[in-house]
Amino acid sequence: MSRRVAVTGVGPVSSIGIGKERFWHSAVAGKGYFRSTDFPDVDLEQYRSKVCSPVDGFDLSAYLEDPRPMRRAGLATKYSVVGSLLALRDAGFPIEPAPAGQDRVRHFRVRGLDPLRTGIILGQAVPNADLEYPEHAKFVRDRGPQKVNPFTLPQTNQNRGVTAVSEWFHLKGSGVTVTTACASATHAIGLAAFHIMHGIEDVMVTGGAEAAIDSYVFSGFDIMRALSRRNDEPGKASRPFDRRRDGFVLGEGAGILVLEELEHARRRGARIYGEIRGFGFSQDAFNIVSPDPRGEAAILAVRRALEMARIAPGEVEYINAHGTSTVVNDPNESYVIKKVFGEHASRIPISSSKSYFGHTIGAAGG
């Protein structure tokens, strides 16, 4: 590893706030956002859980001067574009409307970066549910393709968030979508850091986006008994590591970061939030929904991250845990932390962002 990776921009799109100021104000005030579900296409009494954490009040026109090119896009794609816009602005890159090219529309011009040396790696676990499932229902109801929207297929591809960000900001480096369930955005950030460390790109837009609060997706988690049933107290439903936890709350949004080669950031006088020093990947090879109770692969991932960063377990000062608020995940994660950090584990502050805005699935790591 010869090049260092700085974090220079953040772009949260969340139920507790869009943009870092609103997001941070809610976080330090301890204000989460949870409410009852309101699916108009299904009888809610069929669900055990009736709690969610949506990005209510999201208005694309508040961020894009002309949002019409996004009118057919799925909500996760819209979150990706807005989160990227916020993150690039926060990183200090001047962004201005760009004139239309001969064969395409260049929506923005981003000053201060080389489009060929700027890549995009985003995580997304679920296809654009707000587009795909209604269209499939229409296909089944009408028994054929005649009424199906021809734009649905390209707009529901899971890589659409990456390609939309590429189009809107004219970025021509790597474009990769990572879909590894709830680890999607975390893996995307690790891979983006890898690209900078090894000189593939100088700047990366990374993180993840998800919009899975859909009646069909919700029913899948509900029938698995993965969701909290604290319906009378939505604000207390997501409670990671609490002994009374009974499941996660489905959230949505985007968490986008701008990563930058350290000297590239310093040359332009960028504000630097911190560095990414190490990351680790592994797989349980155990069960489709339950973690390995021995935690071998999770332990390996954490130790790989520490080894790569050249940081001793005793130097770690905070852990932002996956912390889903499910009966199975939280004790397993606690076990892994104790195995890796030993006696130091009891001295490390540990929390989970899901206590604010629920489980955003493919966007969770961002």
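Is Y216 buried or exposed, and what is its relative accessible area?

A: The model is a predicted one. In it, Y216 has a relative accessible area of 53%, and a residue counts as exposed when that value is over 50%, so Y216 is exposed.

A search of the whole structure finds 11 aromatic pairs. In one of them, the ring planes of Y47 and F218 stand at 90 degrees with the centres 5.3 Å apart, so this pair is edge-to-face. F218 belongs to helix α7 (residues 215–223), whereas Y47 sits in the loop between β3 (35–36) and β4 (51–53); the pair therefore ties together parts that are 171 residues apart in sequence. Y47 and F218 are both buried. Together with F39, Y47 and F218 make up one aromatic cluster.

Y216 pairs with Y133: their ring centres are 4.8 Å apart and their planes meet at 50 degrees, so the pair is tilted. This pair, too, links distant parts of the chain, with Y216 in helix α7 and Y133 in helix α3 (residues 129–142), 83 residues apart. Y133 is partly exposed, at a relative accessible area of 25%.

V289 is placed in the loop between β12 (274–276) and α9 (296–309), and V289 is exposed, with a relative accessible area of 55%.

Note on methods: Residues are numbered from 1 along each chain as its sequence is written. This is a predicted model: local features need pLDDT of at least 70, side-chain atom pairs count only at pLDDT 80 or more; totals for chains, interfaces and linings use all residues. Side-chain values use heavy atoms; hydrogens and water are left out. Helices (H or I, at least four residues) and strands (E, at least two) are DSSP runs, numbered from the N terminus. Buried means under 20% relative accessible area, exposed over 50%, partly exposed in between (1.4 Å probe, protein chains only). Rings of Phe, Tyr and Trp (its six-membered ring) pair if their centres lie within 6.5 Å; planes under 30 degrees apart count as stacked, over 60 as edge-to-face and the rest as tilted.
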